[in-house]
Amino acid sequence: MTSGVIPILRYTDAPAAIDFLCRTFGFERQMVVPGENGTVAHAQLVLGGGMIMLGSEPDTEFQRLMRQIDESGRSAVQTTYVVVSDADAHHDRAKAEGAEIVSPLTDRDYGGRDYACRDPEGHVWCFGTYDPWREQSAGA
């Protein structure tokens, strides 16, 4: 199953972000289009049936619609939730690779176990075992 909803993120240092996201969170490069001067024009990273797209912060009309987290006082305006099979192992890997854990591993009343962390540029990521697609079809 794939999702028709694909978050788009902007990074100041997209090449470093791609390395971090792959090494730390388990994403895989599906496509990386180099830009000028060591930037990334467009990248697609996949994990399970999901995908994110990202790029460097070129001065384009579209990119000007978004602010970098450091421009907003380090407050994220959105977060991305990613379903993983083992939240504890994922948490331990992220912590070992230097992700800032901002919400500890927690068992949720509605099911699943999750945690939240920040990547080096401040984006907040949530990883957990709760899969709303599976829960919805199980209850149908």
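I began at Arg113, which is partly exposed, with a relative accessible area of 24%.

Before going on I noted what I was reading. This is a predicted model, in which local features need pLDDT of at least 70, side-chain atom pairs count only at pLDDT 80 or more, and totals for chains, interfaces and linings use all residues. Residues are numbered from 1 along each chain as its sequence is written, and side-chain values use heavy atoms, with hydrogens and water left out.

**Confidence.** I looked up pLDDT, the predictor's confidence in each residue, from 0 to 100. The chain has a mean of 87, and 80% of its residues reach 70 or more. Helix α2 (residues 87-96) has the highest confidence, at 98, and helix α3 (residues 132-138) the lowest, at a mean of 71. I kept in mind that where pLDDT is low, the predicted coordinates should not be read in detail. The element names come from DSSP runs, numbered from the N terminus: helices are H or I of at least four residues, strands are E of at least two.

**Salt bridges.** I counted a side-chain nitrogen of Lys or Arg within 4 Å of a carboxyl oxygen of Asp or Glu. The count comes to six salt bridges.

Arg113 pairs with Asp107, and their closest N and O atoms are 3.1 Å apart. Asp107 is exposed, at 53% relative accessible area.

I then took Asp114 and Arg108, whose side chains meet in a salt bridge at 3.0 Å, N to O. Asp114 is buried at 9% relative accessibility, and Arg108 is partly exposed at 31%. I also noted that salt bridges with shared partners join Asp88, Asp107 and Arg113 into one network.

Another salt bridge links Asp19 and Arg29, at 2.4 Å from N to O. Asp19 lies in helix α1 (residues 14-25) and Arg29 in strand β2 (residues 28-34), so this pair ties together parts ten residues apart in sequence. Asp19 is partly exposed at 38% relative accessibility, and Arg29 is partly exposed at 46%.

**Core.** I searched for sets of buried Ala, Val, Leu, Ile, Met, Phe, Trp, Tyr and Cys residues joined through side-chain atoms within 4.5 Å, called nonpolar cores. The largest has 24 residues, and those with the most contacts inside it are Leu21, Phe25, Phe27, Leu54 and Trp125. At least two residues each come from α1, β3 (40-47), β4 (50-55), α2, β7 (113-118) and β8 (124-128). Helix α1 gives the most, with seven residues.

Key. Buried means under 20% relative accessible area, exposed over 50%, partly exposed in between (1.4 Å probe, protein chains only).
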